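Please look over the sequence and the model shown below before reading on. The report that follows moves from single residues to the whole chain.

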Amino acid sequence: AFYRGFFTVCDTPSFKVFHYKELEMLICGSRDLNFHELEDNTRYEGFSKKDPVIRWFWEIVHEFTEGQKRLLLSFATGSD
């Protein structure tokens, strides 16, 4: 049912070159969370990466479990 529905909307030659795992990655993203990469690519407004509160935030976040990290992402972005 998903296949039929998906290709009803997205039936183009571009999608036919993807393996289902590749489409899953494009639509859902990776299940592996890399919070060091997130930290490196975060932009701050009104703060600097070197501010103590920012450093403390990342120290705490890097100690989170995977479940806690997913909850933080869900809180901040609406998606884990």
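Predicted model: local features only at pLDDT ≥ 70, side-chain atom pairs only at ≥ 80, totals over all residues.

K16 is exposed, because its relative accessible area is 57% and exposed means over 50%, whereas buried means under 20% and partly exposed lies in between (1.4 Å probe, protein chains only). K16 lies in helix α2, which covers residues 13-16; helices (H or I, at least four residues) and strands (E, at least two) are DSSP runs, numbered from the N terminus.

Residues are numbered from 1 along each chain as its sequence is written, and side-chain values use heavy atoms, with hydrogens and water left out.

**Overall form**

The protein has six helices and zero strands, so the order of its elements from the N terminus on reads α-α-α-α-α-α. Its radius of gyration is 18 Å, whereas a compact globule of 80 residues would have one near 12 Å; the radius is taken over C-alpha atoms, and the globule rule is 2.2 Å times the number of residues to the power 0.38. Along the principal axes, the C-alpha trace of the protein spans about 50 × 25 × 20 Å. Of the 80 residues, 16% count as buried, and the accessible surface of the protein comes to about 6,900 Å², with 58% of it belonging to carbon and sulfur atoms; these areas come from the Shrake-Rupley method with a 1.4 Å probe, and for residues only the protein chains shown count as cover. Among contacts between residues at least 6 apart in sequence, 33% join residues at least 24 apart, where contact means heavy atoms within 4.5 Å.

Which residues make up the largest nonpolar core? That core has six residues, namely L33, F35, I54, W58, V61 and L73, and helix α5 (residues 52-63) gives the most to it, with three residues. A nonpolar core is here a set of buried Ala, Val, Leu, Ile, Met, Phe, Trp, Tyr and Cys residues joined through side-chain atoms within 4.5 Å. One member, L73, is found in helix α6 and counts as buried because its relative accessible area is 17%. L73 and E63 are ten residues apart in sequence and 15 Å apart in space, C-alpha to C-alpha.

K69 also lies in helix α6, which covers residues 66-77. Leaving aside residues up to four places away in sequence, K69 touches L33, F35, V61, H62 and F64. K69 is buried yet has no salt bridge, and the nearest side chain of opposite charge, E66, is 4.1 Å away. For such charges, Lys and Arg count as positive and Asp and Glu as negative, while His and the chain ends are not counted; a salt bridge is a side-chain nitrogen of Lys or Arg within 4 Å of a carboxyl oxygen of Asp or Glu.

**Salt bridges**

Side chains of opposite charge can pair when their charged atoms come close. How many salt bridges does a search of the whole structure find? The search finds two, and they are set out below.

| Salt bridge | N to O distance |
|---|---|
| E24 and K21 | 3.7 Å |
| K49 and D40 | 3.8 Å |

E24 and K21 both lie in helix α3 (residues 20-28), where they are three residues apart, about one turn of the helix. E24 counts as partly exposed because its relative accessibility is 40%, and K21 is likewise partly exposed, with a relative accessible area of 47%. In the other pair, K49 is partly exposed, with a relative accessible area of 41%, whereas D40, at 54% relative accessibility, counts as exposed.

Helix α3 also holds E22, which counts as partly exposed because its relative accessibility is 41%. From E22 to F35 the separation is 13 residues in sequence and 23 Å in space, C-alpha to C-alpha.
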